[in-house]
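Look at the sequence and the model below before reading on. The paragraphs that follow go through the structure one feature at a time.

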Amino acid sequence: MPDPACSSLVTVRDWLRYAISRFNAAELFFGHGSNNAFDEAAYLILHTLHLPLDRLDPFLDARLLPEEAEQIARMLDRRVEERLPAPYLTHEAWLQGYRFYVDERVIVPRSFLAPMILEQMQPWLTDPDNVLRTLDLCTGSGCLAVLLAEAFPDAEIDAVDLSPDALQVARRNFADYGLEAQITLHQGDLFAPLAGQTYDLIVSNPPYVNADSVASLPREYRHEPALALGSGEDGLDATRIILRDAARHLNPGGLLAVEIGHNRAAMEAAFPDLALLWPEIEGGNDTVFIVSREQLAQ
């Protein structure tokens, strides 16, 4: 039941103002789909009321039924008291306009690779029409594998994750998009379950948070699987294995694209002789690197 003090909150506008004030007072961290209290409050209220997520204004002065007010109050209580990221409360996350089911078995979808995939990795991939096999390493919720299927509809796609729980979530998302026949799931550690398999394009959003950053993560991030976040002292343990093994899983002319957060300096220090391409993309020019099979094989 909502706090009796909330009985004076009558309209969507009232609840929106209340939610923003409460979020700000609680000093919540925003980084799972929104970056401010207003957007997050609006999203949670609209979702709870089953209203269009992109149309707040027409409903601001709508009066709520008592049961609707109770549902909103419970949603806001959980966001503040449990510090749960909004997507875990609504069981949905959005990436480049695509909706994905999520829960605490997977990290909330977010990737600088997403727009690059939907643009068929242009201009770095010379012939997108000849991409017939692709791989998503560390697939998690399966979001990047779904985008690969959208960008390369004729390609066979493999998706790998170490977590059986994550693969259950990915399987649900593949079914939601009718992609069960195009995407094959593999459970295992990076390339381990893919002996003899080769690809024209490999993408990966592996764990890349360094030890110091893991120790200082906001509470919201601590609800996400630790396995999908931290990767050793400098955040590059998984990336080192990917670079070590990728060449033998790429076809001639194939590309590897890996997201590493803001670890460019650490990458260049660890691999000074490897010619990595750092695309200028939204989010900066230090979040994703691209390297060809031929460069890896040198």
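The largest pocket of this predicted model has a lining of 27 residues. Nearest its centre lie Arg 110, Phe 112, Tyr 208, Glu 259 and Gly 261. The space in the largest pocket comes to about 730 Å³. What kinds of residue make up the lining of the largest pocket? The lining divides into 15 nonpolar residues, nine polar ones and three charged ones.

Next come the salt bridges. How many salt bridges does the count come to? The count comes to 19 salt bridges. One of them is formed by the side chains of Glu 81 and Arg 22, with a distance of 3.7 Å from N to O. This pair links distant parts of the chain, since Glu 81 belongs to helix 3 (residues 66-81) and Arg 22 to helix 1 (residues 12-26), 59 residues apart. Is Glu 81 buried or exposed? Glu 81 has a relative accessible area of 54%, and the cut-off for exposed is over 50%, so Glu 81 counts as exposed.

A salt bridge also joins Arg 133 and Glu 156, whose closest N and O atoms are 3.4 Å apart.

Glu 294 is partly exposed because its relative accessible area is 36%. Arg 293 is also partly exposed, because its relative accessible area is 27%. Salt bridges can also share partners, and in this way Glu 40, Arg 79, Arg 83 and Glu 220 are joined into one network.

Cysteines are the next topic. A disulfide is a covalent bond between the sulfur atoms of two cysteines. How many disulfides does the structure hold? The structure holds zero disulfides. Cys 138 is in no disulfide, and the nearest cysteine sulfur to it, that of Cys 143, is 12 Å away. Cys 143 counts as buried, because its relative accessibility is 7%.

Ser 141 is in the loop between strand 3 and helix 6 (143-151). Ser 141 counts as buried because its relative accessibility is 3%. Which residues does Ser 141 touch, not counting residues up to four places away in sequence? They are Tyr 101, Val 102, Val 106, Pro 109, Val 169, Ala 170 and Asn 173.

Asn 210 has its place in the loop between strand 6 (199-204) and helix 8 (211-215). Asn 210 and Gly 235 are 25 residues apart in sequence, yet their C-alpha atoms are 3.8 Å apart in space. Gly 235 is also among the contacts of Asn 210 once neighbours within four places in sequence are left aside.

The peptide bond from Gln 122 to Pro 123 is cis, and its omega is near 10 degrees. Pro 123 has its place in the loop between helix 5 (113-118) and strand 3.

Glu 27 is not a glycine, although it has a positive phi, of about 55 degrees. Glu 27 is found in the loop between helix 1 and helix 2 (37-48). With a relative accessible area of 68%, Glu 27 is exposed. His 91, not a glycine either, has a positive phi of about 60 degrees. His 91 lies in the loop between helix 4 (86-90) and strand 1 (93-95). At 33% relative accessibility, His 91 is partly exposed.

How values were computed: Residues are numbered from 1 along each chain as its sequence is written. This is a predicted model: local features need pLDDT of at least 70, side-chain atom pairs count only at pLDDT 80 or more; totals for chains, interfaces and linings use all residues. Side-chain values use heavy atoms; hydrogens and water are left out. A salt bridge is a side-chain nitrogen of Lys or Arg within 4 Å of a carboxyl oxygen of Asp or Glu. Helices (H or I, at least four residues) and strands (E, at least two) are DSSP runs, numbered from the N terminus. Buried means under 20% relative accessible area, exposed over 50%, partly exposed in between (1.4 Å probe, protein chains only). On a 1 Å grid over the protein atoms alone, a cavity is a set of points where a 1.4 Å probe fits but cannot get out, and a pocket is an open set with protein on both sides within 12 Å along at least five of seven lines; lining residues have an atom within 4 Å of a point. Grid points are joined across faces, edges and corners, and a volume is the space filled by probe spheres set on the points. Ala, Val, Leu, Ile, Met, Phe, Trp, Tyr, Cys and Pro count as nonpolar, Asp, Glu, Lys and Arg as charged, and the others, Gly among them, as polar. A disulfide is a pair of cysteine sulfur atoms within 2.5 Å. Contact means heavy atoms within 4.5 Å.
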